[in-house]
Amino acid sequence: MLKTSDFDFYLPEELIAQTPLENRTASRLLKLDSSANQLEDKHFYDVIDEFEVGDVLVLNNTRVLPARLHGVKPDTGGHLEVLLLNNEEGDRWETLVKPAKKAKIGTKISFGDGMLTAEVVGEKDHGGRIIEFSYEGIFLEVLESLGEMPLPPYIKERLDDPDRYQTVYAKENGSAAAPTAGLHFTQELLAKIEAKGVKVAYLTLHVGLGTFRPVSADDLSEHEMHSEFYSLPQETADLLNEVKAKGGRIIAVGTTSIRTLETVGTKFNGEIKADSDWTSIFIAPGYQFKVVDAFITNFHLPKSTLVMLVSAFAGRETVLNAYAHAVKERYRFFSFGDAMFVK
């Protein structure tokens, strides 16, 4: 039985990237050939060499909302920080509130001198809060003027350009975090990849609480993933089936794309169909991949579900060995860090 502690590794704090590189494609790329257990140090702009004519590259086009809001309780003047996670219905959102104990049902919150107001109307079992917002105009426009990019807690530096926490192909509003493997791509690199004869397809998974939630259970079988909304359009399903039929590979960009593709593959017994739903799929060693043939991913937190996902594909010892190599070679870790190509 695998334990959470089996996915721990030594990571010096100075290797946690605090700011993005000026050039998106200048990141380093560690190539991991899991079948041969071989590692190769490269740069991200070399990733084009890893694709073959007839492959398809699958990208998550979710767009990060400026989802962190700073508000006050009008009755006490107390400050609350609200992180939007999922739009439940209408103006009701699932959120994380800090400090949560000061946000009981009935609590009212004001943002931006009353431009946006809210009331806590429910509690979730993971400690989250359901908040109902009131405002005039268009919610996303109000959010753009008041909200901040929800950078992960391990990033202490200020982000001068919020667009660097968006992929260049971000389109569908709804994420509480960026699908960070996609941050390395530029439109120029994508154009070169297509010119090589590689198809590019898009799906959407809105990143929610699962990204922020550590694995608290030491027994992996006891960990429950938080649900996130995904959508795989008909156009993408058709393209993926066409590539599969011709013997091409499906190469996913990021764990969010992997989780969406494998959710659909699991739901439809290995077939790829257009679908929109919520997924709480937890991919850990023992899982049999049904759709994804190779993928690009960043370096993840010790003991995280994302390290477990990569290990499910490439093998735990192989992945931990690759991470040890990355630490030794001073790769940059996490959201603004370097990448891996895993096949």
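# Charges and rings in a predicted model

By the distance rule used here, the count of salt bridges comes to 17, a salt bridge being a side-chain nitrogen of Lys or Arg within 4 Å of a carboxyl oxygen of Asp or Glu. Before we look at some of them, note that this is a predicted model, in which local features need pLDDT of at least 70 and side-chain atom pairs count only at pLDDT 80 or more, while totals for chains, interfaces and linings use all residues. Residues are numbered from 1 along each chain as its sequence is written, and side-chain values use heavy atoms, with hydrogens and water left out.

Let us start with E14 and R330, which form a salt bridge with their closest N and O atoms 3.6 Å apart. This pair links distant parts of the chain: E14 belongs to the segment before strand 1, R330 to the loop between helix 6 and strand 17, and 316 residues separate them. Helices (H or I, at least four residues) and strands (E, at least two) are DSSP runs, numbered from the N terminus. E14 counts as exposed at 55% relative accessibility, whereas R330, at 45%, is partly exposed; buried means under 20% relative accessible area, exposed over 50%, and partly exposed in between (1.4 Å probe, protein chains only).

Another salt bridge joins the side chains of E119 and K108 at 3.7 Å, N to O. Because E119 lies in strand 9 (residues 116-123) and K108 in strand 8 (residues 108-111), the pair ties together parts that are 11 residues apart in sequence. D275 and K267 also form a salt bridge, with 3.0 Å between the closest N and O atoms. Here D275 is buried, with a relative accessible area of 12%, and K267 is partly exposed at 39%. Salt bridges that share partners also join K31, K42 and E50 into one network.

Now for a charged residue of another kind. D338, in the loop between helix 6 and strand 17 (339-342), is buried yet has no salt bridge; the nearest side chain of opposite charge, R332, is 4.4 Å away. What does the side chain of D338 reach at 2.9 Å? The backbone nitrogen of R28. A polar atom of the D338 side chain also lies 2.7 Å from the backbone nitrogen of R332.

R28 leads us on to the aromatic rings, for its charged end sits over the ring of Y331, 3.9 Å from the centre. That wording requires NZ of Lys or CZ of Arg within 6 Å of the ring centre and within 35 degrees of the ring normal. Y331 in turn belongs to one aromatic cluster with F9, Y154, F299, Y323, F333 and F334.

The structure holds 20 aromatic pairs. Rings of Phe, Tyr and Trp (its six-membered ring) pair if their centres lie within 6.5 Å; planes under 30 degrees apart count as stacked, over 60 as edge-to-face and the rest as tilted. One of the pairs is F9 with Y323, edge-to-face at 4.9 Å centre to centre and 70 degrees between the planes. F9 sits in the segment before strand 1 (28-33) and Y323 in helix 6 (residues 316-328), 314 residues apart. F9 is buried at 13% relative accessibility, and Y323 is buried at 1%.

Terms used:
Lys and Arg count as positive and Asp and Glu as negative; His and the chain ends are not counted. A polar contact is a pair of N or O atoms within 3.5 Å; within protein, one must be able to donate a hydrogen and the other to accept it, and residues adjacent in sequence count only if both atoms are side-chain atoms.
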